[in-house]
Amino acid sequence: FYQQVIEAQAQLLRGFLEQGDRVYDLGCATGTTLLAFSRLLEQKRLQFIGIDNSASMLDKARLKSELYSKQKSLSFLLEDITTFDHPGAGAIIVNYTMQFIRPLQRENFLRRLFDRLRPGGIILISEKVINHDRRLNREFIDIYHRFKKNRGYSELEIAKKREALENVLIPFSIEENKTMLKNCGFVAVETHFQWFNFASFIAIKAA
């Protein structure tokens with residue numbers, strides 16, 4: 001449901017951002033998300049900045065922005081997102097990225113982002129999540145794997161991906177993610193999308 005999540009996030013950005021605000025996408029990869037936002041939010045005249053630690057990914061992002069975007073408001077930076085230091089951000093996007101940061105470092109990472117948001121700014125996060133009820137968690141994962149299989153992935157591909165992410169992708173529950181965001185000082189934290197073991201959140205800094 002990538003497209004649905006992006007469209008939902010675009011609606012939230014439209015409602016909370018001001019003309020000319022800066023939007024940062026952390027772990028932007030090849031820039032697909034920012035390209036979609038630049039199209040969906042063209043009237044806001046926002047500045048979109050993608051940050052990633054992969055030079056090859058950013059090369060593709062720059063090429064895609066030149067080929068497919070009419071806007072000149074997209075730029076990409078080669079940086080470590082855990083050292084993010086760009087004050088005055090209107091919004092920060094962290095889609096399916098925080099789950100790869102070590103659990104003990106996540107709250108400090110979010111505090112850093114909170115401090116660099118302007119008053120009234122927002123953070124949008126999408127994550128794989130875990131359910132602490134073992135049966136529910138197992139059912140959600142099985143449903144996800146059937147979903148992938150129905151879309152052409154082989155059992156071997158699914159098993160290899162699962163093995164590759166074991167002990168690398170460490171998900172929190174929805175409640176743990178919300179608590180962590182509230183501990184950082186956000187005045188409102190809400191889930192705006194969920195599909196089994198995937199969830200998207202909005203967190204708002206006081207104006």
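Helices are DSSP runs of H or I with at least four residues, and strands are runs of E with at least two, both numbered from the N terminus.

## A pair inside helix 3

Let's start with helix 3 (residues 55-68), where D59 and R62 sit three residues apart, about one turn of the helix. D59 forms a salt bridge with R62, with 3.6 Å between the closest N and O atoms; the term stands for a side-chain nitrogen of Lys or Arg within 4 Å of a carboxyl oxygen of Asp or Glu. R62 is partly exposed at 32% relative accessibility (buried is under 20% relative accessible area, exposed over 50%, partly exposed in between, with a 1.4 Å probe and protein chains only).

## About the model

This is a predicted model, in which local features need pLDDT of at least 70 and side-chain atom pairs pLDDT 80 or more, while totals for chains, interfaces and linings use all residues. Residues are numbered from 1 along each chain as its sequence is written, and side-chain values use heavy atoms, leaving out hydrogens and water.

The whole structure has five salt bridges. Side chains of opposite charge can pair when their charged atoms come close. R111 is partly exposed at 33% relative accessibility, and E107 is partly exposed at 25%.

Where does R116 find its partner? R116 meets D85 in a salt bridge of 2.9 Å, N to O. R116 lies in helix 4 and D85 in the loop between strand 3 (74-78) and strand 4 (89-95), so the pair ties together parts 31 residues apart in sequence. R116 is buried at 17% relative accessibility, whereas D85 is partly exposed at 46%.
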